[in-house]
Amino acid sequence: SLTCLKRICLPKDILSSDVSLKIIICYTFLNHNIFKEVTMNIEQAVELIYTGLVSEESVPVKLRAYHELDRELLAQVQEALDFAIEYYKGEPLIPKKLAAALVDIYGAFYFNSGFSENELRELEDIGMDLQEKSIELFED
């Protein structure tokens with residue numbers, strides 16, 4: 001799986017909701033660093049997180065219907081969440097829509113059956129990763 005090593009972004013004082021921010025996310029995969037440039041604004045990020053985690057087309061809803069894991073949407077959600085973490089770092093408030101998407105996120109990826117043991121472990125790991133990111137987002 002991909003592990004996020006570091007996020008690099010522009011200084012907070014130049015940010016506003018209508019400004020797109022370019023961040024470079026460095027992942028390590030099979031001992032190789034992969035750099036991915038992501039450009040979005042905070043409204044796009046919040047909408048993507050909500051759509052990917054809560055809507056009728058979300059990753060958890062698809063999984064509950066025993067569809068295959070939508071890795072592409074999940075990767076987009078994770079990038080948007082990394083963006084939101086940087087954007088809201090040190091801020092006392094975040095949008096309700098963003099908070100609602102992350103409530104009990106671990107539980108949304110926890111299954112007792114319907115998938116192979118490896119898939120169940122992978123889904124649990126995804127839930128734990130998203131839970132850790134949500135904790136990072138909510139921290140001061």
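Reader: What is serine 134 in contact with, leaving aside its neighbours within four places in sequence?
Author: Serine 134 lies in helix α6 and is in contact with Leu102 and Ile105, those neighbours left aside. Contact means heavy atoms within 4.5 Å.

Reader: What kind of model is this?
Author: This is a predicted model in which local features need pLDDT of at least 70 and side-chain atom pairs count only at pLDDT 80 or more, while totals for chains, interfaces and linings use all residues. Residues are numbered from 1 along each chain as its sequence is written, and side-chain values use heavy atoms, with hydrogens and water left out.

Reader: How many helices and strands does the protein chain have?
Author: The protein chain has 6 helices and 3 strands, in the pattern β-β-β-α-α-α-α-α-α along the sequence. Helices (H or I, at least four residues) and strands (E, at least two) are DSSP runs, numbered from the N terminus.

Reader: What makes α3 roughly parallel to α6?
Author: Helix α3 (residues 71-88) and helix α6 (residues 117-138) pack at an angle of about 20 degrees, with their axes 9 Å apart. That angle makes α3 roughly parallel to α6. Angles under 35 degrees count as roughly parallel, over 145 as roughly antiparallel, 65 to 115 as roughly perpendicular and the rest as oblique. Axes are lines fitted to C-alpha atoms, for helices over the stretch in contact, and angles run from 0 to 180 degrees between N-to-C directions.

Reader: Which residues of α3 meet α6?
Author: On the α3 side they are Arg71, Leu74, Gln78, Leu81, Asp82, Ala84, Ile85 and Tyr88, and the residues they meet in α6 include Ile126, Leu130 and Leu137. By class, this contact has 8 nonpolar, 1 polar and 6 charged residues. Ala, Val, Leu, Ile, Met, Phe, Trp, Tyr, Cys and Pro count as nonpolar, Asp, Glu, Lys and Arg as charged, and the others, Gly among them, as polar.

Reader: Which residues touch the most other members of the largest nonpolar core?
Author: Leu53 and Phe109 do, out of 32 residues. α3 gives the most to this core, with 10 residues. A nonpolar core is a set of buried Ala, Val, Leu, Ile, Met, Phe, Trp, Tyr and Cys residues joined through side-chain atoms within 4.5 Å.
Author: Tyrosine 66 is in the loop between α2 and α3. Its relative accessible area is 52%, so tyrosine 66 is exposed. Its phi is positive, about 60 degrees, although tyrosine 66 is not a glycine. Most residues other than glycine have a negative phi.

Technical notes: Buried < 20%, exposed > 50% of the residue type's maximum accessible area, 1.4 Å probe, protein only.
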